[in-house]
Structure formats: C-alpha cells, structure tokens
Amino acid sequence: MKPLPLILASTMLTAGIIAAPAFAQTSGTPVETGSANAPDQKPAFDNQTRAPQPAQMPKIKTEVVADALPHLWAMEFLPDGRMLVTAKQGDMHIISKDGKPGPAIEGLPDVYAEGQGGLLDVALAPDYGTSGKIFFSFAEPRDDGNGTSVASARLVVDEAGGGKLEDVAVIFRQMPTYSGNKHFGSRLAFGPAGELYVTVGERSDAEPRVQAQDLASGLGKIFRISQTGEALPDNPFAGREGAQPEIWSLGHRNLQSATVDDKGRLWTVEHGPRGGDELNLPQAGKNYGWPEVTYGVEYSGDKVGDGVTQMANTEQPVYYWDPVIAPSGMAFYGGDAIPEWKGAFLVGGLVSQGVVVLHMENDRVKHEERLDLNARIRDVKVGPDGAVYAVTEQRGGGNSTILKLTKS
C-alpha cells in the first residue's frame, strides 16, 4: 500500500480552527448556556452539571501535524515519539515525527466496519519497551452477528515506516454476540498493576440495552482483566454464580472515553441519551443505573423508562451534560507545558466540536472549560512534550487530522 497523502502545516489553522481563548464566555459563568433537553431534571449536588469556567484560561495555539489521514479512531504515542493510529475501516498506521503516515501495518484480524463498528482503541503494553506488545479493541464479525473484542499482538516495525503484527491473539470477547451496528464502546486503559480495563457499549437497541443491568451479560459493562484475558481473582463478581467474572462495574450505556489518573484510578465518560453524557469514577461492583436511572431523555424526546434520575443502589455520575458533548477519547493532564490544565481531564467532544477541560477538586468537577476547535474530536492524548494532541473526524467518515495544542 502506498503512503497516504499528507498536508502539513506549521502555522496556526485559519480555516475555522484558530488559536483563541478556550471559550468566549466570561470566567465564572457556565460554558454551556443552551436549553436543557430535560429542564425538569435537577442535579443531585452542586456543580454536577454546568460548572463555572475557571478564572484563568490559557490561550491555546493550534497546529496541524498530520492531515488527509483516513478516518481515525484512536492514537497512541510510541516511545520514540511517533504515533500509532487506528483507522476505523480496519488499518493501523505509524505517523512519523514529521507527520508522514507509513503503509498499513499487516496482520490485523478482520473487522466489522459498519455503523459505529470498526477498529477502535489501541494501547501499548506497560512493558512495550521490551516486549513490543500492543492491545487493541475492535468490532469483530462473528457467525451470528458481531461484538467488541480485544486482541494482543507484537508490533514489528520495518524501515519503511510500516510493519506487521505477530502473535495476534483475541484475548477477550464481549458476550453475547448481537447483530446490530451501534454502541461497541470501546477504550482500553491499564491500571498501576498492569490490569487492563475494557469499556464497551450495550448495543443501543431496546431489547439488548436492558442487559446492562444483567451480570450474566457483557453488555453495558466495564471489564477488568489480565493481559492474557482472564478475570482477575479480586474482581467484584469473581466466584458469583451466573455472573461474568470479568465485570468491574455495570449499568453503563456506551463508553468511548477512559483514562487513568495520577493515583492510578480509572475514570470514564460515556455517551448518554439525549442530555445524559456522564463522567464517572467507576468503582468495583457498583451499578451506574442505565437504562433504569439516567439524566436526559430518549432521542424521541420521551422519558427513558420512568424518567428516574436517582435510585437506591445506583451511583450518581460525578458530572453530566445536558445538552450532550458526545464524548470520545480522554486524557489526564499531568504535564507542565499548559500549567492551567495540570490535574484536569481532557475529553474529546464530537457534538461540542472541541476539547472539554474538567478541572477537579476532591473528585468533583470544580470548573468546566472548552477549547472550541470547530471539528469533531475522536481522541485526545498528551504527548511526551507535554502538548495535547487531538484527532479529528468528519461525520460519516472522510479524512482525519491530528492537531497539536500548545500554550501560546
């Protein structure tokens, strides 16, 4: 395969993506001023939604580092500073330091690339420097449908900037299989002991989505597994009859954002219904409510179930958005290059078309800030240089761009 076409720019974008303060509103006021989809729903505590903007917001310079890429879904930095990216249609590429994509990496399994399905997240093994091992999630075609699966492989890079995957093994399959084309999730995140968290979706449709509450089903769950795919013995449902032992938490909708903070804890942001995106700190064995308890409404405008936002034995989200941001990709910022963002979560927004910055205090959102990029953001990563890198996409496919965000 020939290298993909590329357009490089070392200057700030001028076609709708510009260097600017994070948002135009005055600090101290909420960044979101639009009408809520569920105006009668009230937050359970202060700043659970529409938190004020911070007093100090950096001016951010935006540069294109790679353009005219295929429709990307995820990126990860290799130790030498190059970027490993997944293309939704089923290819991986390595992007060189000067922004040039190498040929497609050989050896990937077949991918179900329909609807929201495709090649999804990619993560380096904690010992990648010695093992060369990577993990990736993908919508896997199966005899009776499809489902989210996780594979491991050894990445062998060649001198042409491409390479191949060796020792490919599917280590985990979300079950049951379903024949739909929506809500696959999925993000991968390693905990401090090398445990692998896998987020998935509940497949969207009315019948399967109720299985988010069923411990015998892998729909609408977060899993915690070993690097060979086994349930960890201290998982909350290990040994419980009828429960899938890999489950970490339940009651989730469609999880496309996940990261680990500086304390080694997993945080997620999931797509809610219309007006119900959620930030969570998922705890072992806890139930996050979907579809019985949620903020927001159905896409039709009807109530979700009984319209309940609180219920005993279900967890409140740390934060929710109404209207939604449509989250995808997430990073914890521990760098020094943008000091105003230190300790914040950076979340890609597909509908909000930029990066959402969540400033935390005592595990609650103290301030919300937004960097408007006028583009759907599919993934967000912090580079080894402390800059923030955002992957754009076009609705329905088309080319992707990788943007570098630095303090101006």
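Colleague: Which ring does the charged end of R203 sit over, and how far is it from the centre?

Modeller: Keep in mind this is a predicted model. A charge sits over a ring if CZ of Arg is within 6 Å of the ring centre and within 35 degrees of the ring normal. The charged end of R203 meets that with the ring of F184, and the distance to the centre is 4.2 Å.

Colleague: And what ring does R364 sit over?

Modeller: Here the charged end is 3.8 Å from the ring centre. The ring belongs to F45.

Colleague: On to ring pairs: how many aromatic pairs does the structure hold, and what is the geometry of F172 and F223?

Modeller: There are ten aromatic pairs. For F172 and F223, the ring centres are 4.7 Å apart and the planes make 55°. Planes under 30 degrees apart count as stacked and over 60 as edge-to-face. At 55° the F172 and F223 pair is therefore tilted.

Colleague: How far apart in sequence are the parts that F172 and F223 tie together?

Modeller: F172 belongs to strand 9 (residues 163-173), while F223 is in strand 12 (residues 221-225). So the pair ties together parts whose separation in sequence is 51 residues.

Colleague: Is F172 buried or exposed?

Modeller: Buried means under 20% relative accessible area. F172 comes in at 6% relative accessibility, so F172 counts as buried.

Colleague: What kind of pair do Y197 and W248 make?

Modeller: Both residues are buried. Their ring centres lie 5.7 Å apart, with the planes at 75°. Since over 60 degrees is the cut-off, the Y197 and W248 pair is edge-to-face.

Key: Residues are numbered from 1 along each chain as its sequence is written. This is a predicted model: local features need pLDDT of at least 70, side-chain atom pairs count only at pLDDT 80 or more; totals for chains, interfaces and linings use all residues. Side-chain values use heavy atoms; hydrogens and water are left out. Rings of Phe, Tyr and Trp (its six-membered ring) pair if their centres lie within 6.5 Å; planes under 30 degrees apart count as stacked, over 60 as edge-to-face and the rest as tilted. Helices (H or I, at least four residues) and strands (E, at least two) are DSSP runs, numbered from the N terminus. Buried means under 20% relative accessible area, exposed over 50%, partly exposed in between (1.4 Å probe, protein chains only).
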